[in-house]
Amino acid sequence: MVVRHTFTVRAVCPGPVGNVRCVPSAPPPPTAPPPATVARDRRADLLVTLAAVALALWVTSGMWRDPNTRTITVNSSDQALFEWLLAFGGHALSHGENPLFTHLINVPDGVNLAVNTSITAYAAVFAPLTYLIGPPATFLVILTLNLAATAVAWYWLLSRHLVGSRLAAGVGALFIAFCPAMVSHANAHLNWTAGWLVPLLIWGVFRLRRPGRAVTGGIVLGLLVAVAFSIAAEGLFFTALALAAFLLVRTLHPARRAELRAVLPRVLAGLGVTALVAGVLLAYPLWLHFAGPQRFHGTGFDPLIHSEDIAAYGSYPRRSLAGWAGFGTSLAPNPTEENSFFGAPLLLLAVACFALLWRRADRAFRATLLALGVTAVVFAVLSWGPTARWNGRRTDQLLPFGVLDNLPVINAALPSRLALVVAPVIGLLLAYAIDALRARPPRRRAVGAAWLVGFAAALLPLLPTPLLTSVREPIPAFITGGAWKRYVPPDGVLTPLPLTVDVYPDGQRWQAYALAHRQGEFRIPAGFFLGPGGPDGRGRIGPVPRTFDTLMDQAGSTGLVPIVTEGSIQESRADLRYWGVRVVVLADRVHGAKYDVDEEALRRTATALLGPPERVEDVWLWRVPAT
């Protein structure tokens, strides 16, 4: 096994794997590997990259048939939101508008996108593609690239800095990138599937340990932090917590204290530069996040619901080979949050890998193993939420997250997502174990065969299956043809029926189309976003309901026309004046993200409140007087 980088030995040397040993002094200059080894390594790099791309295309294959008409079945609302963010971000960039605050939705109050998942970096970088092929297709391109890039980034970190075996690096990287949690979040989450940021951040932190890297390393890490914040702020927070826990345990170990004293000044200086660079770049977003208009504390989601079931760790996810065979479970709050679901065989394999490595490790590498183990256990326990739940049954046992939930920033995190930290730890253990077994194979063939069977039994059931997709309702010709501009003045307000919220995403889809196709701007009331208005000053999903949108929601969701009184008519018209709505629009087919929508009940309810509609193109339209 050839060590090519001093970073490997001096910073994160994996310990006594094969002929590699951690040494306190600088290693001798690396020798050039033979051409045959270089060619073999390049073939391995290419194979892993091709495997990553193939798996990413396989997972997202259901949408590639027609990105503009197909949607992710279990999370079409989030997909519509990210499509809107891509269109709005490109529009804000090309029109010189604020990309972190908008009045295009939730009029008249607007939305603070800094406290939402604004993916501003993606919106800016992919703006030309969004204008060229549209938000839905751009969304699919980014989602697919996220999955493939996550595997490639982890493979790079493992193969160049942590292990000597390309096979070990490939298995570890592909597991991390396509583990149950990542496949689950591939159900429309462009932020959480950007897992390629994590190995780059880890590399940036450990790079600070090298002499002479305080300034350049700090600048690079500061830029990475700023990019990560603009794509996945919650993921950046989790990565920082996990690194802090890992480094605390590792550096305080007696075998690492001398190393700590040697590198601590360099690391602190580098982190100071990082804080300065990231602070300058993120000064306005952070101010907007914590002190800007439409801010809130906490989150709009219940931590009791969005916490991991303890039994989920030994269960199988639905979008996997085991799930396809009927072994999947529904212990997650929804199919997008299967954040653990490793299956019992993989948990047993991870313990066996830990034991193998511990037995072969010297004291220095045992510090690394201990830090990995403690980090995994801590984040697994935190992911269980405020109180314990086993196999769907909630107990009254208070857990650590229940104590921490009142702390700022932490109270904005969903506890179940803390389990996302566990998957990379397992991936690292798998990679280290394969590297050790290849460097020093078991003496008995039976033992080697047992390890091979163990890896197959643990990993094969977790092979991902494609995301579920379906055809969603098309955007009306009234929007795509630009007819709306005859009825809505520039910067005027239009609302679809029902009003746009998470379960009715059409309004933001229409608006995204208009922005990406340079038709101009129309604003909408409500929208799918996180904003103030929840209990005890916490956040909520969408705006606080008013009379008009409540009546429309009742009609659309139940198929029953609510009782309309003179009072409800006056209140509804007052709501429309408050929002400044000029036209109310009902499409022939309304997309419901969670259930079918009754368009006839909506039309009858709107007619009772606003009078008879006009038929324009393929929509029903009600004009609202300006006063």
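This is a predicted model: local features need pLDDT of at least 70, side-chain atom pairs count only at pLDDT 80 or more; totals for chains, interfaces and linings use all residues.
Visitor: Ok, so how are α14 and α17 placed, what's the crossing angle?

Guide: The axes of α14 (residues 344–360) and α17 (residues 422–439) cross at roughly 50° and come within 9 Å. The two helices are therefore oblique to each other.

Visitor: Left-handed or right-handed crossing for α14 and α17?

Guide: The crossing of α14 and α17 is left-handed.

Visitor: Which residues meet there, from α14 and from α17?

Guide: On the α14 side they are Leu 346, Leu 349, Ala 350, Cys 353, Phe 354, Leu 356, Leu 357 and Arg 360. From α17 come Ile 426, Leu 429, Leu 430, Tyr 432, Ala 433, Ala 436 and Leu 437.

Visitor: And how many in that α14 and α17 contact are nonpolar, polar or charged?

Guide: There are 14 nonpolar residues and 1 charged, with no polar ones.

Visitor: Switching to α11 and α15. Where do the axes run, and what's the angle?

Guide: Helix α11 (residues 214–252) and helix α15 (residues 363–383) have axes that come within 8 Å and cross at roughly 140°. That angle makes α11 oblique to α15.

Visitor: Is the crossing of α11 and α15 left-handed or right-handed?

Guide: Right-handed, for α11 and α15.

Visitor: Which residues of α11 and α15 meet?

Guide: In α11 they include Phe 238, Leu 241, Phe 246 and Arg 250. Among those in α15 are Ala 367, Thr 368, Leu 372 and Phe 379. The residues of this α11 and α15 contact divide into 12 nonpolar, 2 polar and 1 charged.

Technical notes:
Residues are numbered from 1 along each chain as its sequence is written. Side-chain values use heavy atoms; hydrogens and water are left out. Axes are lines fitted to C-alpha atoms, for helices over the stretch in contact, and angles run from 0 to 180 degrees between N-to-C directions. Helices (H or I, at least four residues) and strands (E, at least two) are DSSP runs, numbered from the N terminus. Angles under 35 degrees count as roughly parallel, over 145 as roughly antiparallel, 65 to 115 as roughly perpendicular and the rest as oblique. A crossing is left-handed if the near helix is turned anticlockwise from the far one by less than a right angle, and right-handed if clockwise. Contact means heavy atoms within 4.5 Å. Ala, Val, Leu, Ile, Met, Phe, Trp, Tyr, Cys and Pro count as nonpolar, Asp, Glu, Lys and Arg as charged, and the others, Gly among them, as polar.
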